[in-house]
Amino acid sequence: MASREFLKIMKLARSGDALAQQKIGHIYMLGDDGVPKNSQNALLWLEKASISIGFNEEIFNFVADHLELTINLSSSQAPFAWKCLLLAANAGHTRARWLMAQAISQFAPQTNQISETPITALAFAQMSEKNWHDAGGLESFRIAAHRYLEELADLSSFNEQASAKKLLAQCLQDGRLGTLDVDRSKKIIASLATQSNDIGLSSLLSLGFSFSQGIDSSLVPALKMHLPSLLSNKKHQQEHLPIYWAGWQQLQNTDALEIAAELGHVPAQLAMGLRLAKLDSIVDEVIGNDKNDSSASNTKKEKELTTNSGNARLKRAVYWLKLAANHGEREAWYALGLINRMPQYSGYSAEDSDTYFDKAADLGHPQAQYRKGAALWRKRAQLSEEVEGLQASYWVWHASQQGVPEAQELLSKIMESHSNPKTNDWHQLASAVAQAMSENSHRFTGEILLMCHRVIVANQLNLSKAELLLADIAAIQHEHGAVVDIRAELPRSTPRLILIETLEQRKALMMASKAFANAELSNSLDEGNLRQRRYRLEKLMEMVQVK
């Protein structure tokens, strides 16, 4: 309950006594026996007092000394509080300048919003554009705020100097106060990060180093300083995960790796599983290398694996690898496939191994794709495929595209290569047809136009005459190659898999498919039987004068 003295002062304040109004404002701002702190009421009475006696130094300095940015002021109270800060800052009040710098950095337009915004200037969140305009314009305060931050960052007697440096670095990082200097921002943060306190730790985190790019080498000293204290904590926080992962990447700290894995970081779970299974040499990219670059030497490294990994370690490895695999990590699926083929693993299963390799292949792992393709090629006699080796060629081709030398060698056995059309039987006719189509396209219509495309495709893929006339050109192209199968018209023929290696081959197939599709849509697709097609081919040869 309010004291009699307070009630007496309140009565005088309500009657219009300016000194009493100022006194009531002080009481509400600081709190008193029976009177809780209420900044909104305090500003209300102080504003009334200022109307009567004017903005004196005592009023605006008092507000600057005790105002908290975290309070929520109304749109009518915020302008008065800002005016107090502005007058105090102009008079050299240190805390007023600090509050202004925080508020302006919060509301100034930002080109690139920084990820961490620890300061929330709620006190001025209700300031409208008109309020800012009447106060002098938000834009005009940016230069002043930047100057204040520079001064406070250099002021050793200022208690919050480190916080001022951190805010200055953030503003330089995104240029919100009109000055963009990323290099200087990083230097300031790197300097702060070496402090063995919360500011140092938060500064290290505020740099926002990404998991993929890793930590800058200039921050390694700060990392060495903060990592031991974080590792000694009984409860590890998710927000410190980047530091734990960086501790493994930069310092090879296995405790940091395990904590990062426990906190759910998928690359850490993968690295943990590979270490336990002694497979980490296969995927050096877990520490930062490109996954695709290591595929060519994976087979050799597999042969060099030691076999002294105990079953217990392999079981723990499988635990971490399954966690990573369930998040779509293809290296984890591949490693599980390898482990399930290790004789010392109690869960040895060739069937499970193949399943894991298949999942890794589906996710684009080059060695897994080669394994899957090679297995399908070995089992081609047992598979019910319309064209023998089609599935195998698909996976081996994908592996060869990622630079697996064994895949390139096997692919040459599965698919034919005809990358040089100049050496093919139809080159002279195809060249004449292509030239005639470009110079006198109106000469070729209907079935003759379709025959032109057949000739061009036949030259690019080195088709036989029967294949030229009978192949389903619209369906011949697949992602990895061409499938030429005319057994429906010529049962004794043998299907062929032809590798598409050049842009000209793909262009020829694409243009042919488009022509056949247009003919089908216009209901004009009637190429007739084999005799009629042979007649049109001979007619085309006469038109372009090629025997």
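This is a predicted model: local features need pLDDT of at least 70, side-chain atom pairs count only at pLDDT 80 or more; totals for chains, interfaces and linings use all residues.
Visitor: How many helices and strands does the chain have?
Guide: The chain has 27 helices and three strands. Both are DSSP runs, numbered from the N terminus: helices are H or I with at least four residues, strands are E with at least two.

Visitor: How much of the chain is buried?
Guide: Of its 547 residues, 48% count as buried. Buried means under 20% relative accessible area, exposed means over 50%, and partly exposed is in between (1.4 Å probe, protein chains only).

Visitor: What share of contacts join residues at least 24 apart?
Guide: The share is 60%, among contacts between residues at least 6 apart in sequence. Contact means heavy atoms within 4.5 Å.

Visitor: Which residues have the most contacts inside the largest nonpolar core?
Guide: They are Tyr244, Leu279, Leu321, Ile339 and Ile414, in a core of 70 residues. A nonpolar core is a set of buried Ala, Val, Leu, Ile, Met, Phe, Trp, Tyr and Cys residues joined through side-chain atoms within 4.5 Å.

Visitor: What is Ile339 in contact with?
Guide: Leave aside neighbours within four places in sequence. Then Ile339 is in contact with Ala277, Leu279, Leu314, Ala317, Val318, Leu321 and Tyr345. There is also a second, separate core of 64 residues, which includes Ile9, Ala81, Ala88 and Trp132.

Visitor: Where is Leu336, and is it buried or exposed?
Guide: Leu336 is in helix H18, residues 330–339. Leu336 is buried, at 0% relative accessibility. Not counting residues up to four places away in sequence, Leu336 touches Val318, Leu321, Lys322, Ala325 and Tyr356. Thr355 is 19 residues from Leu336 along the chain, and their C-alpha atoms are separated by 9.5 Å.

Visitor: And Glu351, buried or exposed?
Guide: Glu351 is exposed, because its relative accessible area is 63%. Glu351 lies in helix H19, residues 350–362. From Glu351 to Gly337 is 14 residues in sequence and 9.4 Å in space, C-alpha to C-alpha.

Visitor: Switching to helix pairs. How do H3 and H4 cross?
Guide: H3 (residues 39–53) and H4 (residues 57–66) have axes that come within 10 Å and cross at roughly 160°. Axes are lines fitted to C-alpha atoms, for helices over the stretch in contact, and angles run from 0 to 180 degrees between N-to-C directions. H3 and H4 are therefore roughly antiparallel. The cut-offs: under 35 degrees is roughly parallel, over 145 roughly antiparallel, 65 to 115 roughly perpendicular, and the rest oblique.

Visitor: Which residues meet there?
Guide: Leu43, Leu46, Ser50 and Ile53 in H3 meet Ile59, Phe62 and Val63 in H4. That gives six nonpolar residues, one polar and no charged. Ala, Val, Leu, Ile, Met, Phe, Trp, Tyr, Cys and Pro count as nonpolar, Asp, Glu, Lys and Arg as charged, and the others, Gly among them, as polar.

Visitor: What about H20 and H22, at what angle do they cross?
Guide: Helix H20 (residues 366–378) and helix H22 (residues 405–414) cross at roughly 30°, with axes that come within 10 Å. H20 and H22 are therefore roughly parallel. The contact is made by Gln367, Tyr370, Ala374 and Trp377 of H20 with Glu406, Ala407, Leu410, Lys413 and Ile414 of H22. By class, six are nonpolar, one is polar and two are charged.

Visitor: At what angle do H23 and H24 pack?
Guide: The angle is about 135°, and the axes are 9 Å apart. H23 and H24 are therefore oblique to each other. Ser431 is in helix H23, and is partly exposed at a relative accessible area of 34%. Ser431 and Ile456 are 25 residues apart along the chain, with C-alpha atoms separated by 7.9 Å.

Visitor: Last one. What is the phi of Gln252?
Guide: Gln252 has a positive phi of about 55°, although it is not a glycine. Gln252 is in the loop between helix H13 (241–251) and helix H14 (254–262).

Definitions and conventions:
Residues are numbered from 1 along each chain as its sequence is written. Side-chain values use heavy atoms; hydrogens and water are left out.
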